[in-house]
Amino acid sequence: MAAQSLNTDIDLINAALTATGNKPITTLEDADSESVVSMANFEAVVGAEFAHPWTWTTTTRRLSRVSGDTDTIWTTAWQVPSGVEVDRIEVSGRPVAWESMSDLILTNEAEGVVAVGRYRPPVRRWPDLFKTAIVQRLEALFLRALNEDVAAADARDKAADRTIRLARLADSRKRSPRMPTTSALLEARRG
């Protein structure tokens, strides 16, 4: 199955199941062994790969102010967007002091607060190399858990490692310097 046609979690799981000679599933809630293994392990497999700061998971979101007293040293509270892991808070492009409290961001800023962080886009928006690596990781999982073929599972894990390295290389080529005018070399040249 081409990586482009993998648009859901179930598509990824089924690509790995069929590649390892197992029957595909229709839902994670079934009682069959394929669904049970998939449900128990899918988030761990995918979550491990999302620990890397991929450029395509970076997001910038304007925060909505929450009314009411913060009962802290901070003057204002802002709602964290659902599914976003906040890395920094900015106002007009400059970083500001902040603190996280539950699903709120606390600052001393009155307006224009923006969160820069990471989120998990839907599967259809994942790069093809990343989808391929996830399928390979799932294949290794199914080969171990369902087929009990450790040697083949180890080979799939190695293939997934190579694919992840290629995906990271491709992703790094998309990155641009955040503040190129502040490099020490440029400052020295300017005098």
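**Exercises on a predicted chain**

In this predicted model, contacts in the chain between residues at least 6 apart in sequence include 65% that join residues at least 24 apart.

**Exercise 1.** State how many helices and strands the chain has, and in which order the elements run.

Solution. Start with the count: the chain holds five helices and eight strands. Then read from the N terminus on: the order is α-α-β-β-β-β-β-β-β-β-α-α-α.

**Exercise 2.** Decide whether the chain is a compact globule or more spread out than one.

Solution. Take the radius of gyration of the chain, which is 21 Å. Next take the value from the globule rule for 191 residues, 16 Å. The radius of gyration is well over the rule's value, so the chain is more spread out than a compact globule. For the dimensions, the C-alpha trace spans about 60 × 50 × 25 Å along its principal axes.

**Exercise 3.** Determine whether Ser-35 is buried or exposed, and what surrounds it.

Solution. First place the residue: Ser-35 belongs to helix H2, residues 33–50. Its relative accessibility is 0%. The cut-off for buried is under 20%, so Ser-35 counts as buried. Leaving out residues up to four places away in sequence, Ser-35 touches Ile-25, Thr-27, Leu-28 and Asp-30. Over the chain, buried residues make up 39% of the 191 residues.

Note on methods: Residues numbered from 1 in each chain as written. Predicted model: local features only at pLDDT ≥ 70, side-chain atom pairs only at ≥ 80, totals over all residues. Heavy atoms only, no water. Helix = DSSP H or I, 4+ residues; strand = E, 2+ residues; numbered from the N terminus. Rg over C-alpha atoms; globule rule 2.2 N^0.38 Å. Buried < 20%, exposed > 50% of the residue type's maximum accessible area, 1.4 Å probe, protein only. Contact = heavy atoms within 4.5 Å.
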